[in-house]
Amino acid sequence: MTLPLMTRRAALIAGGAAFLAGSAGALTVSKQAGDRKFVLVILRGAMDGLAAAAPYGDAHYRALRGKLALAAPGEVGGVLPLTEGFGLHPNLTFLHERWAGSELAILPACASPYRERSHFDGQDVLETGAAEVFGASDGWLGRALTALPPGEAREAVAISSALPLVLRGSASATSWAPSFAPSASDDTLNRLMDLYAGDAILGPALASAIETNAIASASGMDTMGGKGRRAGPVAYKGLAEAAGRLLSAEGGPAAAVLSFDGWDTHANQGAANGQLALRLAGLDAALRALKDGLGPHWSQTVVAVVTEFGRTVAENGTGGTDHGTGSTAFLLGGAVSGGKFAGEWPGLAPKALFQGRDVAPATDLRSVFMTVLQDHWGLERGLMTRTVFPDAGGVRAIEGLVRV
Amino acid sequence: MPVTLAAAIAVNRFGLGARPGELDVASKDPKDWLSRQITNKSAFELPVPGLLTTRVAAEALSEYLQDLKVKTEGKAGKLSPEDQEEAILKPLKQLRDITINEIEARTQHALTTQTSFAERLVLFWSNHFTVSANKAVTIPFAGVFEREVIRVGMTGTFADLLVASTRHPGMLLYLDQAQSMGPNSKAGKRRDKGLNENLAREILELQTLGAQGGYTQADVTEFAKALTGWSLAGPRTKRLVPDADPGDFIFVDRFHEPGARTVMGKRYTGTDEGQGEAILRDLANHPSTAQRIAIKLARHFISDDPPAAAVEALAKSFRTSGGRLPALHETLIALEAAWQPEARKFKSPNEFFLSALRLAGLPKIERKGIVAAYGLLGQVPYQAPSPEGWPDDAASWAGPDAVIKRVEWSQALSDRLGSKIRPEDMMRAALGPALSARTVQSIARAESASQGLTLALMSPEFQRR
């Protein structure tokens, strides 16, 4: 793909003359600012944090979890040992390696400000970064990209057909997913760009796609086809590979958003084996593939793995768990100062549970996102409270999690 | 008779897109063209022979589960790749064929139907009551659920539709209701099993009141308890309800939580399925439900952010008619805002796919590749990602990658149709006065007829309705 298209894209987005300060700046300086990579992994459906990082040493753990409880380290199907009486699910071997290499920090009781139990509303709050449902129509990462000063401009890509809410609101965000069909001819795309000159939706969307496709084909990804389209947890890996290659390409974006579906385990979720174990294995393989794809860029990468809310501590009547509140978040990558827990852990004592059923929310997820934006990307605190998280009054970044 | 803009709106915005000649028919009286479709039971039917009934689908599921058990029991981790193929993947593929048959049948019907407004209403309501085939146990039921619950219910009330949906095996399995037991029920006390609140929660949040509709966690739990015992007949329930056929709705007394329940401040006595049904009917007729349905309908037919007056008119129609769907649909047709000249709705992938094939006047869809085509565009029928169903706004469907996939698919379709097509004539027949001069010019300047059609299908006015 040729450069004039990109320039036209910028012109289209900015509505013509005013484009010079914004997106065009991004294209010329993004190489430098874009070296510090950020990958946001959203586990949609409410991931059971107690299955991912199990507090097996908690006195109440085994009684509450019933058949879902994982065995202690060393036993058959036992967890992989951490500190503080916690262990990782036996299928999270890559994460355990990162822990040993001090590249994984675990936040065991995270939640967005949302306190109800609807997936859709929960994801809305997680992605908008607002204090309540429908509090904003754009996403916190989108706003962060828009707020960056010209010299710090960065671009982001979502590995999906649609642009997720978290990236909406920014002209520097695009989306990309592997394709089966023969790619569209450049000539046709050029003609469509003309046809879309006055179209506020189709113009920017096509322009952005053309640019990402150019990066993808330059890194040999346009032939990867079917791999990324497999269903279920095996599909996570293909998507993560794609993210790694896009991020590490010359002139590639600085941020990627991955969405992995299917964490809503109401029935028969299993323990060391079973459907949730398969998903965790898929997640682990995907994160390993992401690291491989990033190559040397891994050392300057932060990956945040989050979910909209947690699940009930106790097993429900059908061998699963219902919608809860606090869940586990992971921060990993070469730029993470890890091998430790961060944030509070309220424990599983009856009085410590939220509404008597859920892990109590101890760490605001927005503080995790602030940590990445401030300490990894260098966004000013003022920008954060004015623009990115205007509703997050007392919420602050967590110190000591990013290697500067 | 000249083709009017109103006819183009009726056929393209309310319907699934014009087939050749259809605008001429609708131009006589566009509103009447729509009205005649909504009270006619047969307009909602899927006249394709050979699809499974609920009972046969239930038998197929039993066979599959039985077969899987025989071939895999006690062999965890010991199956060779070939054995796995034979024991797990092949039977699952056979099960998936049921869904592909349904997709083929529905698509084939959508291509040629002359009552495409009725068909769009089926798709709308089927999405409201989502049963996704993304779980093995729901694969056989997603299609038959739409045919035996949604299509059949289109001339009745919302309450009847909600009750029928909640009783169907597809919904009972999709939202984990079938195995839910009251903690104090006979079976619950004896076994290490109990309550599952998934169906109760999604009915409150997605199908009736809405997340802001005024219910609490306590309402969810109480409603879930009232629904315990709602299940379907299968091999394992023979002992409990001997005279039920596979797939029949059954009320299993041994699973039911005893006692009265309080939901949304109202107390429900009753000891059988009547308790849950009474709650369902009250939820169906709650003002929050009227409001939620009104917003969804207005958003689907008018714009992502519909005018409040239109929403209120629909909500009022819902309330005053007792949730009678034909009355609600008639109100929709009468809304002035639904006839605004500017097309504001960005087509979903499914809408784009069907309208393009209808524009091309294709009489028949090929089975081969149909799922891949839907998949490329991002919306495989009966595979909605969650109980919320497919999204209904431009922000969800007009992502950069989604747009380029539409270009790729349009190009493939155009190439297949060959060089003898006349894209401008096709577009004029489909859009009438809604075709823009700019698009006409772009088609005229294309280097080939095939490129012209690609540009036409991707034009701003064809991407919207």
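Predicted model: local features only at pLDDT ≥ 70, side-chain atom pairs only at ≥ 80, totals over all residues.
Me: What's the bridge partner of Ala53(A) in S4(A)?
Reply: Ala53(A) is bridged to Leu88(A) in S4(A). Strands here are DSSP runs of E of at least two residues, helices are runs of H or I of at least four, and both are numbered from the N terminus.

Me: OK, back to the strands. In which sense do S2(A) and S4(A) pair?
Reply: They pair in the antiparallel sense, over two bridges. Strands pair if DSSP finds at least two bridges between them. S4(A) is residues 87-88.

Me: Which strands form the open sheet, and in what order?
Reply: There are three, ordered S2-S4-S3 in chain A, and the pairing is antiparallel. S2(A) (53-54) and S3(A) (80-81) are at the edges with a single partner strand each, so one side of each has no neighbour in the sheet.

Me: What's the secondary structure of chain A overall?
Reply: Chain A has 13 helices and 12 strands.

Me: Which residues of H6(A) are buried?
Reply: The buried ones are His119(A), Gly122(A), Gln123(A), Asp124(A), Val125(A), Leu126(A), Glu127(A) and Thr128(A). That's eight of the 10 residues in this helix (119-128), so it is largely enclosed by the rest of the structure. Just after H6(A), Gly129(A) has a positive phi of about 75°.

Me: And what do those buried residues pack against?
Reply: Helix H7 (140-147), strand S9 (301-307) and helix H12 (365-376) of chain A. Packing is about contacts, that is, C-beta atoms, placed from the backbone, within 7 Å.

Me: How many residues are in the largest nonpolar core?
Reply: It has 261, and Leu206(A), Ala243(A), Ala256(A) and Ala304(A) have the most contacts inside it. Helix H11 of chain A (275-294) gives the most to this core, with nine residues. A core is a set of buried Ala, Val, Leu, Ile, Met, Phe, Trp, Tyr and Cys residues joined through C-beta atoms within 7 Å.

Me: What is Ala304(A) in contact with?
Reply: Setting aside neighbours within four places in sequence, Ala304(A) touches Leu40(A), Val41(A), Ala329(A), Leu331(A), Val368(A) and Val372(A).

Me: Switching to chain B: is H6(B) mostly covered or uncovered?
Reply: Covered, with 12 of its 13 residues buried. Among them are Phe117(B), Arg120(B) and Trp125(B).

Me: How many residues does the contact take from each chain?
Reply: Chain B puts in 48 residues and chain A 43. H20(B) gives the most to the side of chain B that touches chain A, with 11 residues. That side of chain B divides into 21 nonpolar, 18 polar and nine charged residues. Here Ala, Val, Leu, Ile, Met, Phe, Trp, Tyr, Cys and Pro count as nonpolar, Asp, Glu, Lys and Arg as charged, and the others, Gly among them, as polar.

Key:
Residues numbered from 1 in each chain as written. Chains lettered and ligands numbered in written order. Buried ≥ 20, exposed ≤ 12 C-beta atoms within 10 Å, placed from the backbone. Contact = placed C-beta atoms within 7 Å.
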